[in-house]
Amino acid sequence: MTPAPSIVVIGGGPRGTGVIERIAANAVELYGDRPLDLHVVDPHPAGGGRIWRPDQSPLLWMNSMAEDVTMFTDETVELAGPVVAGPALDAWAEDVRAGRITPDADPAVLAEIHGLAGADFPTRRLQSAYLRWTYERALAALPPGITVHEHRTTALAVTGPRGGRQRVRLQDRPEPLLADLVVLTVGHLDAEQDPEQQGLADFARRHALVHLPPDFTADSDLDALRPGEPVIVRGFGLAFVDLMVLLTEGRGGRHENGEYLPSGREPVLYVGSRRGVPYHAKIGYPWTGERPPLPQHLGPAWTEQLLSRTGPLDFLRDIWPAVAKELGHAHYHRLFTAHPERTALAHEVFAEKYAAADPGSPELAGLIAEAVPDPADRLDLDALDRPLDGVRHDSPEAFQEALRAHVTADLARRHDPEHSEDLAVFLGLLSAYAQLIRLGDIGSWWHGFFSYLASGPPGPRLHQLLALSRAGVVRFLGADLTVETDEEQGLFRARSATVPGARTEARALVEARLPDPSLRHTASPLLRALRDGGAAITDDGLLAVDPADGRVLDDEGRPHPRRLALGPFTTARAGGAFTRPRTGGPAFRQNDAAARAALTFLRDLSCRGLLAS
C-alpha cells in the first residue's frame, strides 16, 4: 500500500504555528482531499514553543501592547493564498471574556485575560495561551484528509537524498520519521561559546567566578548571582530588561509610587553596551490622521533593481542611503501634515524637492534645513543610533544623572503625540523591513538598529529602571563597553569610553543578549548536521535559503526540493513571527509562500505516484 505523503514541521513555536495556519488556509485549493501526515516536532508545547512556553514567570512581559499583536493575515499582507481573518490578542481576550472562546489555560492566566486592555503589555504566559489557541484553531481548519502527529522531543538531524524521502532522527526514538518534505522553524536556539565567551568561561572556572553567557534570560542560572555583590552586565536591550526584573521584583523587591523598595536580596547591576543606553521605549499613543504613503523609496522596483546586480551588496553603500531617505520621507510627511506650524515650506514643494534629491546629498540636507527651522524637528539617524558618541563625563555619578535625564526625556517624547513623527518613522521601519528581507542576508547591523528603535521595552519598564537607578540597584557604565580579565586579582573589569578612567570590578559577568543565530557556533545538532551536510552558510553564519519560498540552498546555490527553513537562523529572517495588525507583516508572506510550495510539491508527488519508501 502506498504510504500517505508526509510533512514534518520541526519547531512548534510561533513560526511553525504560522506555517501550519497557512497550510490549513491553502490546503483545499492546492491539495484537495488527499491524505497527508503532518508531524510537528518540538520538546515544548506547540503554539508557543520554547520562548513562549506557558511555565514562565508572570513578571516577564511582552514588549508589545495587546492590540499590536496578531497571528493572522489581513488585506495588507502580500500573499498568494487566501486571507483568513482572526483576532489580534486584545480581541481574542475580549472573545474569552464574552465566552465565545474557552482556552485551555491556567486559572492565573485566565485572570490576566479578564483584566487585559488593548494598551496593556501582556505577560508572556498569556501570549502563550493565545499562541496555543491559534495552533489548535489551525489544526481544526485542516481538511479531514490531513492527520496531525505531535512529537514532544528534539529533532537531531535530517538526512536523505535530494530526490527521495527524508529521515528525521529524533532524540530517544529508535526509528526516524520519514518525510517527503521537511520545514525547519526552530526559532532561537542555544549556541556553543565562541572563542571570546569560551575564554571568559575558562577564566571564571579558574577563579571560581560567575560567567553567564548569552542565553534566553528565563533559562539562565540567576541563582548564582549573590545579593549585594556587583555584577557586570554587557547588553542594554530586552534581555537586560528581563534580567533586571527577575533580579529585583523576582527576588521580592517592590515598586511603589515611583520608588523601588529593595528586598535586600538583589545584586548590584553595572550595565553598559555598545550604545550605552537602553532601547527606545515603545511609543505610547495611537496613530491618528493621514498615514505616510509607504513604501516610497524602497518599493518592489527598488528591490528588484538591487537583486539584478551582480556581486555582493554592501549595506552601507548600496542599501542604507535609500533606507535613510525612506525613514526621512515618513518623518517629514508626518511633520508637514500633522505639525505644519513647525515647517517653513509648502508640503507639496518640499515633497517634490525631497523626492528629487539624492540620498545623503548636500542638496537634501539644505532642503531640510530650509524647510524645518528647528534642528530638534529634523531626523538625525546617526544621533538616534549613537546618542553617547563623543560624550564624556568626569565621574560615574555625573553619568548616572545624565543617563537618567536621557531616559526621562525619551519616555516623555515617546508618549507625546506632539512628536508623532516618531510613530511615522516606526511605520517606516516596518515598511523598510518588509522590503529588506527580500534581499536575503544584509548583515546584522540593520536588525540591531531596527530593534533599538522599534522593538524597545514598555514605558513602565523604563520607569522601573529609573527607580532602580535612584535606589542604587542599577548603575550605568556607558558606551563602547569593554570587559577585561585580571588573572592576578581574579576579577572581571569593565571600562567605558563615556567615563574615562573609571573602571568597575566584579566577580560576576552576565552577557545580556540572546545567542547569535549563526550556524557556525550553534549548539543545535540539527543545524550542525545541516551545516556539515552541504547547506550553504553565509559569512554571518546564517543558513542560506531561497527568498521566494524558504527552500534551503546548497553550496552551489541549488534549492533543496524537500527542505525548507524559516526564522532567525536563515537569510530570510523577519522581525518576528507575529506582528501589528494591518502592517503587512513579512513573516506572514514567508509562511504563506512556504506553505504553498510545500503543498504544491506534495500534491505533484502524490499525483505522479512518486512517494518513495
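Where is the place of Asp 480?

**View 1. Asp 480 sits in a loop between two strands.** This is a predicted model, where local features need pLDDT of at least 70 and side-chain atom pairs count only at pLDDT 80 or more, while totals for chains, interfaces and linings use all residues. Residues are numbered from 1 along each chain as its sequence is written, and side-chain values use heavy atoms, with hydrogens and water left out. The loop with Asp 480 runs between strand S13 (474–478) and strand S14 (482–486); strands here are DSSP runs of E with at least two residues, helices are runs of H or I with at least four, and numbering starts at the N terminus. Phi of Asp 480 is near 50°, a positive value in a residue other than glycine. Most residues other than glycine have a negative phi. With 38% relative accessibility, Asp 480 counts as partly exposed. That label covers the range between buried (under 20% relative accessible area) and exposed (over 50%), using a 1.4 Å probe and protein chains only.

**View 2. The loop between S19 and H17 holds both Arg 582 and Thr 579.** Strand S19 covers 559–565 and helix H17 covers 586–608. Arg 582 has a positive phi, near 60°, again in a residue other than glycine. What does Thr 579 contact, leaving aside its neighbours within four places in sequence? Its partners are Asp 68, Val 69, Thr 70, Gly 585 and Phe 588, where contact means heavy atoms within 4.5 Å. Thr 579 counts as buried because its relative accessibility is 16%.

View 3. Most peptide bonds are trans. Look for Pro 295 in the loop between strand S12 (268–272) and helix H7 (300–307).

**View 4. Helix H14 (residues 445–454) is largely enclosed by the rest of the structure.** Why does H14 get that description? Because 7 of its 10 residues are buried. These are Trp 446, His 447, Phe 449, Phe 450, Tyr 452, Leu 453 and Ala 454. Their cover includes helix H8 (315–338), helix H11 (381–385), helix H12 (396–414) and helix H13 (421–436).

**View 5. Trp 446 and Phe 240 touch the most other members of the largest nonpolar core.** That core has 85 residues; a nonpolar core is a set of buried Ala, Val, Leu, Ile, Met, Phe, Trp, Tyr and Cys residues joined through side-chain atoms within 4.5 Å. Beyond its neighbours within four places in sequence, Trp 446 is in contact with Phe 315, Trp 320, Val 323, Leu 429, Ala 432, Tyr 433 and Leu 436. Another core, of 29 residues, lies apart from the largest one and includes Leu 566, Ala 594, Ala 598 and Phe 601.

**View 6. Pro 387 lies in the loop between H11 and H12.** Not counting residues up to four places away in sequence, Pro 387 touches Val 277, His 406 and Tyr 452. Pro 387 and Val 277 are 110 residues apart along the chain, yet their C-alpha atoms are separated by 8.0 Å. At 23% relative accessibility, Pro 387 counts as partly exposed.
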